[in-house]
Amino acid sequence: MAYRVEINGEVRELDVPEDMPLLWALRNELGMVGTKFGCGVGLCGACTVHVDGVATRSCSLPVGTIGDKKVTTIEALGESPVGRALQQAWVDEDVMQCGYCQAGQLMNATALLARNPKPSSQQIDQAMAGNICRCACYTRIHDAIAMVAEKGTANA
Amino acid sequence: MPETVALSRRTLLKAGALAGGGLMLSASMPMIAKAATAAGGTEATLNAYVSIAPDNTITIVARNPEIGQGIKTMLPMLIAEELDADWDQVRVTQADFNPQKYGFQFAGGSFSTPMNWMPMRQTGAAARRMLLAAAAERWGVAASSLRTEQGKVLDASGRSLTYGELASDAAKVAVPDPAKVQLKDAKDFKIIGRSIPGVDSARIVRGEPIFGVDTRLPGMKYAAFERAPTFGARLVSADVEAAKAVPGVEDAIVMKGGDNPELLVDGVAVIANNWWTANKAREKLSVQWDNGEWGSHSSAGYDKRAAELWAEPPQSELHKEGDVDAAFASAAKVLEAEYAYPFLAHVAMEPMNCTALCHEDGRIELWAPTQNPQAGAQGIAQQLGVAPDKIAIHITRMGGGFGRRLTNDYMVQAAAIAAKKPGTPIQLIWSRQDDIRSDFYRPAGWHRLRAALDANNKLIGFEDHFVTLSKNGQVPFEASMGATEFPARFVENVRYVQSTMETRIPTGALRAPQSNALSFVMQSFLDEVAHAQGRDLPALMLELFGDREPLPGTPGMGGMQNPGFSPPRAKGVIEKAMQMSNWSGGTPDGRAKGFGFYYSHLGYFAEVVEVSLGSRGEIQVHDVWVAGDVGSHIINPFGALNQVEGSIIDGIGQAVGLAVEIENGGAKPTNFHEYEIPRMPMTPRIHTEFVITDNPPTGMGEPALPPVIPALANALFKLTGKRVRKLPIDTSQLV
């Protein structure tokens, strides 16, 4: 059956099985490849998107359960001031090595700052613990989030 | 330095006009490639392409694959520096695989920096000289009266021309001899030494398609591959009908492979319009496997066999100096210990994947995340009987490599599946389970060590009986130990002997191959020696190095002469790490510091770890001090520090919790819950300083990793009095 899902402000039709994870609908049906496949079972965070603003693992989210909730992916992250500021910090601080996990890291970091604009160092650690970076750029991911939290989004 | 001059003298430059005007400069550097890890001994060239367009953009072709090591940013920096370009006008494009045009295209072994340091700079300097000559002719003045700055040629009166304005004229200038062009004085460097963000980063943070698995082609289908859980197993029969009946599944094909895991192994390919559908349909397959003799293999079995082999005479001798038997016979004290380490997986974040299209005329085109496209092409040619010139490879950016993508079995698999569906592009993706369970693992290894001390506690004898793995009787590179492994050549009587056990567990290079395991064994056992002498490991190391001069060089990569191991450089980083970490000062209650030094990939690293145990006995690493000597320049501090920090966390993660246990001839872990990669909360503070020495710069991808593992193990000994002799660390043995 066909589902209608609002993704990045646009209603998209998805004629997929109800248990198909959103990740594979995005990547294979819609050609939106910014959201990454890492583990398939919610352990690594590479596939993180926002569902009604909440960081959610798209590899474990069946399309049939999304209903009228609003999905935001990395492709639209730059539309929010926090997302834009984090993207800029990621580039300026040269956060990444291979870069593959960074879409998930950015989505999770944006959700963190949206609910807690001034997280402590420990709160950043805890909030980001679900996102694996195999290159281990953790120091820089942490510092880029802290920098945006401190400076705010005025210059974004 | 002699090795780079020798290479640079053979650099050939060719200039030409760009279509539409402008300058195209290609540098060709013939060399003999002897990449020990993967490439084999092949003739190769190392080519650079730089073009300057009339619109003033400078395009530099990135020849080597980018796996996150930063090479796509760093090599162009070398050209841009000597060209005196404005970094903002530089564009970097990824080259396709084309050995005729680009020469040696490879990512591994931390080779790229030492191999490219001089040739890339010479290429940039030659282009700059041609632009100066073009300006001199335009203005009718001597080139020596002109200077360059940020992509412009200027004269004393303040006139200026951009490189873009000069490029077409420069294409007509005689090409200078690259070995004779004046290079910049290091004090004038504006780009080398500057922290420059990765050239792809802006696209990555926007989620743009850039990785191999992001490849999208019209009419593309997705494939998943079911293979035996036991390595070396053969497919007996398969019922694929139920899988084929799943809606969305287009086909399920029995694939018959061979014995070589680097090529196609037996399995079933499921092809669907969505990868999730294809992968899920694997559950409907019914496949009978013949495990043969390999189904009984296990990590526990290897441990047991290693102990048996230690009790037998060794099978071969790797290294001998002095009279070891006499040294042990005369010893006042003998230390003995057994060390072991497990198989490890690479788990690059982007699972193995490759997109392949078999054209109707038999040509095969691939979009491949590969560290070693040449080997991939050779494998496909061998497996499918296709002529190498019928295989085209587009190199994509990779979501990590760590050595896994030096082996290209997944490319062969994708090509073999695509060959069954001519005209249809096929994207093969492995699940994470496939990735962990079908790796080419860091081999496990076993060492029985002995050390002899005389009545004055001097280390007079050292012996290692190394038990390792063989395939068809041969010990692969990654499972071998070099004859010069430290402390060979620094202790009077040394003997390294070896015994092997046959396996079919696929093994391969993992970041800092050999070194990532041998560092733990040797630096931990030497810490035992130092302890028995009543002192600490840095003191023992400094004594062993003494006033020794650098050792003779050895033949290296690309016809280069590698510099020999330098005791003065080793002492430099050891002393630096001791000073940075306040080694001889106090440590807070409940904490302890440990030390490790290792030399690999031409880089010298000394590291100190400060550790405590948490309330549940868990290991807490608080601080790591890193002193590294990789030569005269840190070309891109951003990239260099990223590599150090990544290596440190990677090494700690391996020591604390990573192992691929072999059970029933297959790998036991299935996903990240059973193979626990470090996460942000366990990140220590990492303090890095580079000791700058007058040596050509060398690579950063690997050498910072090895010493952190023994440093952690030695810190735990200091803290608990318990020796860590087996990885990963079993914290229950520390209390």
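Tutor: Let's begin with a term: a crossing of two helices is right-handed if the near helix is turned clockwise from the far one by less than a right angle, and left-handed if anticlockwise. The model is predicted, so local features need pLDDT of at least 70, side-chain atom pairs count only at pLDDT 80 or more, and totals for chains, interfaces and linings use all residues. Residues are numbered from 1 along each chain as its sequence is written, while chains are lettered from A and ligands numbered from 1 in the order in which they are written.

Student: OK, so what's the handedness where α2(A) passes α5(A)?

Tutor: α2(A) passes α5(A) in a right-handed crossing. Helices here are DSSP runs of H or I with at least four residues, strands are E runs of at least two, and both are numbered from the N terminus.

Student: And at roughly what angle do the axes of α2(A) and α5(A) cross?

Tutor: Roughly 135°, and those axes come within 9 Å. Axes are lines fitted to C-alpha atoms, for helices over the stretch in contact, with angles from 0 to 180 degrees between N-to-C directions. α2(A) and α5(A) are therefore oblique to each other, oblique being what is left after roughly parallel (under 35 degrees), roughly antiparallel (over 145) and roughly perpendicular (65 to 115).

Student: Which residues meet there?

Tutor: A85(A), L86(A), A89(A) and W90(A) in α2(A) meet A144(A), M147(A) and V148(A) in α5(A). By class, that contact has seven nonpolar, no polar and no charged residues. Nonpolar covers Ala, Val, Leu, Ile, Met, Phe, Trp, Tyr, Cys and Pro, charged covers Asp, Glu, Lys and Arg, and the others, Gly among them, are polar.

Student: How many residues of chain A touch chain B?

Tutor: 47 residues of chain A are in contact with 48 residues of chain B, contact being C-beta atoms, placed from the backbone, within 7 Å. On the chain A side, the helices that each supply at least two residues include α2 (81-92) and α5 (138-151). That side has 27 nonpolar, 14 polar and six charged residues.

Student: Switching to chain B: how do α17(B) and α18(B) cross?

Tutor: The axes of α17 (637-657) and α18 (708-720) in chain B cross at roughly 55° and come within 8 Å. That makes α17(B) oblique to α18(B). I648(B), G651(B), I652(B), Q654(B) and A655(B) of α17(B) make the contact with V708(B), I709(B), L712(B) and A713(B) of α18(B).

Student: What about S110(B), buried or exposed?

Tutor: S110(B) is buried, because 24 other C-beta atoms lie within 10 Å; buried takes 20 or more, exposed 12 or fewer, partly exposed falls in between, and C-beta atoms are placed from the backbone. S110(B) sits in the loop between α3 (99-102) and α4 (112-139) of chain B. Its C-alpha atom is 9.5 Å from that of S600(B), 490 residues apart along the chain.

Student: And where is I574(B)?

Tutor: I574(B) lies in helix α16 (residues 567-580) of chain B. Leaving out neighbours within four places in sequence, I574(B) contacts P538(B), M541(B), L542(B), F597(B) and A606(B).

Technical notes:
Contact = placed C-beta atoms within 7 Å.
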